[in-house]
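Reader: I would like to learn how to read the backbone of a model. Please take me through some cases.

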Amino acid sequence: MEITFPKSVLIVVDVQQGFTSLCPGELPVPGGLEIVPAVNELLALPWARIDATQDWHPPDHLSFLGERDNLYPAHCVMGTPGADFLPGLHTDRFHTIWRKGFQRDFEAYAVTAQHPAFASMLTAGGIDTVVICGIAINICCFFTARDLRKAGFRVIMVEDASAGIDVPAAGLFQAESKREGEALGIAYIERRELRDR
Ligand SMILES: [Zn+2]
């Protein structure tokens, strides 16, 4: 798949300890810890921008078990190890880190939900292609991809630099999200398929 790097952004979604086996009591996603080398390979490419997102919740966030939405174990609580990026991840390559979900009563799977001007900022910067990797491919990656696709960007999901998990309680399934994504025109690829135009 050919892209033009000077017009492309890499968005690294929630590559955080709380979504891996490093924090088994939080929200471990199978294979999450293992994506670091693949994400680092993507980070080495000559993107116009590299944006990272970070789930960053207060201890009583509405999505947590026992709180209003009662969906997930407490995870990625601000200032705790679960909220940290994964060890070995080349975070020095991040241009900007976007935190999300930091208000008790507001959930933001996608950077676009927390920061509504994100898409117009990309457009103003001459970006036309969005490449997404991270955790979870069917949740925070998916909603980011969906919003940006609807905003008119070409959107590519890198499956082998991402990890996913089915969450029946939230009605979020990997196969279903991919079907919905492909129907919207989102491309699902492996990283070796990326080529400079
Ligand atoms: Zn969260």
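Reader: Where is Ala136 placed?

Author: Ala136 sits in the loop between strand 5 (129–135) and helix 4. Helices (H or I, at least four residues) and strands (E, at least two) are DSSP runs, numbered from the N terminus. This is a predicted model, in which local features need pLDDT of at least 70, side-chain atom pairs count only at pLDDT 80 or more, and totals for chains, interfaces and linings use all residues. Residues are numbered from 1 along each chain as its sequence is written.

Reader: What is the peptide bond from Ile135 to Ala136, cis or trans?

Author: Most residues other than glycine have a negative phi, and most peptide bonds are trans. The bond from Ile135 to Ala136 is cis, with omega near -15°.

Reader: Which residues of helix 4 are buried?

Author: A residue is buried if 20 or more other C-beta atoms, placed from the backbone, lie within 10 Å of its own, exposed if 12 or fewer, and partly exposed in between. In helix 4 (residues 140–150), the buried ones are Cys140, Cys141, Phe142, Thr144, Ala145, Asp147 and Leu148. After helix 4 comes Gly152, with a positive phi near 105°.

Reader: What is the phi of Asn70, and what is that of Cys76?

Author: Asn70 is not a glycine, yet its phi is positive, about 55°. Cys76, also not a glycine, has a positive phi of about 50°. Asn70 is in the loop between strand 3 (49–55) and strand 4 (96–100), and Cys76 lies in the loop between strand 3 and strand 4.
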